[in-house]
Amino acid sequence: MVTLDGKPVSADDLLPLALTNVGHFTSMRVDADGTVRGLSLHMERLVRDCGIVYGADLDTGRVRDYVRQGLHGQDTPCVVRVTVYDPKVEMAHPANADEPHVLVSVRGAGAMPPRPLRAMSVPYERDLPEVKHAGLFGALHARRAAQLAGFDDALFVGPDGFVSEGGTWNVGFVDHDGTVVWPQAPVLPGVTMALLQQHAEHRVAPVTLEQAKGMAAGFATNTSIGVRALEAIDEAELPAEHAVLSQLQQTYLSIPGETL
């Protein structure tokens with residue numbers, strides 16, 4: 001079921017979002033016990049992005065009510081997406097869209113972590129990268145190009161030559177000293193990345209594409225996949241198994257979920 005402000009959504013309600021693609025969202029994995037890792041961070045993201053996109057406040061208590069309602073009768077684990085948008089938005093007058101509404105949709109969740117990922121480097125930087133917004137054309141176009149070339153997804157490289165993030169995931173690396181390295185670049189502040197930064201030693205530093213290819217290991221993170229090994233960047237192979245990767249996966253799974 002898909003709901004808008006807790007009520008069944010109509011095609012007319014969705015048309016403005018489909019035609020303008022103006023909105024922001026967060027996706028949360030709900031585990032079998034009904035909890036969400038990083039729930040507070042997801043709510044903080046929605047509030048922050050709502051202020052940036054609409055200049056409006058967002059009642060997270062209301063959001064959580066709508067999510068609980070959307071989960072009723074759903075099998076877990078699953079992934080809940082909360083999209084915030086204004087159904088009266090118009091292409092010619094986006095400044096008039098300042099009354100955000102809450103769209104909740106639910107889909108099944110796959111096994112975690114999934115099989116290792118093969119990425120193709122693509123020159124790209126998302127618009128307003130600090131916001132998890134609905135403007136996914138560029139990222140999905142890059143993903144499509146990577147898949148047509150035989151890879152799983154795209155790894156973005158900025159105009160400065162530094163690696164930033166993946167299609168819909170943050171990327172991290174393990175250097176040859178065993179230290180976790182997060183790229184210093186314009187990226188989405190991912191919830192899974194933030195949780196790992198809270199619970200595992202790391203450093204943040206610029207990473208060139210060539211440096212990335214020479215790392216001891218690499219991985220992708222988001223709420224749906226947890227910590228997923230990165231086994232190739234372009235022609236460069238990376239080990240799909242590494243002690244630090246296993247440790248990160250175990251660390252993430254040990255983080256207690258929060259109750260909706």
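The structure is a predicted model. The protein contains seven helices and 16 strands. Its radius of gyration is 19 Å, close to the 18 Å that the globule rule gives for 260 residues, so the protein is as compact as a globular protein of that length.

**Overall build**

- The C-alpha trace spans about 50 × 40 × 30 Å along the principal axes of the protein.
- Of the 260 residues, 50% count as buried.
- The accessible surface of the protein is about 12,000 Å². Carbon and sulfur atoms supply 53% of that surface.
- Among contacts in the protein with a separation of 6 or more, 67% are between residues 24 or more positions apart.

**Helices α5 and α7**

- Helix α5 covers residues 191–199, and helix α7 covers residues 243–254. The two helices pack with their axes 10 Å apart, at an angle of about 100°.
- Angles of 65 to 115 degrees count as roughly perpendicular, and α5 and α7 are therefore roughly perpendicular to each other.
- On the α5 side, the contact is made by T192, L195, L196 and H199. On the α7 side, L248, T251 and Y252 take part.
- Sorted by class, the contact of α5 with α7 has four nonpolar residues, three polar residues and no charged residues.

**Surroundings of helix α5**

- The buried residues in α5 are V191, T192, M193, L195 and L196.
- T192, L195 and L196 are listed among these buried residues, and T192, L195 and L196 also belong to the contact with α7.

**G38, a buried loop residue**

- G38 lies in the loop between β4 (35–36) and α2.
- G38 has a relative accessible area of 3%. Under 20% counts as buried, so G38 is buried.
- Leaving aside neighbours within four places in sequence, G38 is in contact with V191, L195 and E258. V191 and L195 are among the buried residues of α5.
- G38 and A194 are 156 residues apart along the chain, while their C-alpha atoms are separated by 8.7 Å.

- Not counting residues up to four places away in sequence, G218 touches G172, F173, R228, A229, L230, L238 and L245.
- The C-alpha atoms of G218 and V174 are separated by 6.0 Å, and the two residues are 44 positions apart along the chain.

**L253, a partly exposed helix residue**

- L253 is found in helix α7.
- With a relative accessible area of 44%, L253 is partly exposed.
- L253 is in contact with R37 and M112, leaving aside its neighbours within four places in sequence.
- L253 and Q69 are 184 residues apart along the chain, and their C-alpha atoms are separated by 26 Å.

**Cis peptide bonds**

- The peptide bond joining T76 and P77 is cis, with an omega of about 5°. P77 is found in the loop between α3 (60–71) and β5 (78–85).
- The peptide bond from M112 to P113 is also cis, with omega near -5°. P113 lies in the loop between β6 (101–108) and β7 (117–123).

- D5 is not a glycine, yet D5 has a positive phi of about 55°. D5 is found in the loop between β1 (3–4) and β2 (7–8).
- D234 is a residue other than glycine with a positive phi, near 55°. D234 is found in the loop between β14 and β15 (236–237).
- D234 has a relative accessible area of 13%, so D234 is buried.

Notes. Residues numbered from 1 in each chain as written. Predicted model: local features only at pLDDT ≥ 70, side-chain atom pairs only at ≥ 80, totals over all residues. Heavy atoms only, no water. Axes fitted to C-alpha atoms, helices over the stretch in contact; angles between N-to-C directions. Helix = DSSP H or I, 4+ residues; strand = E, 2+ residues; numbered from the N terminus. Parallel < 35°, antiparallel > 145°, perpendicular 65-115°, else oblique. Contact = heavy atoms within 4.5 Å. Nonpolar A, V, L, I, M, F, W, Y, C, P; charged D, E, K, R; others polar. Rg over C-alpha atoms; globule rule 2.2 N^0.38 Å. Buried < 20%, exposed > 50% of the residue type's maximum accessible area, 1.4 Å probe, protein only. Areas by Shrake-Rupley, 256 points an atom, 1.4 Å probe, with all protein chains shown as cover.
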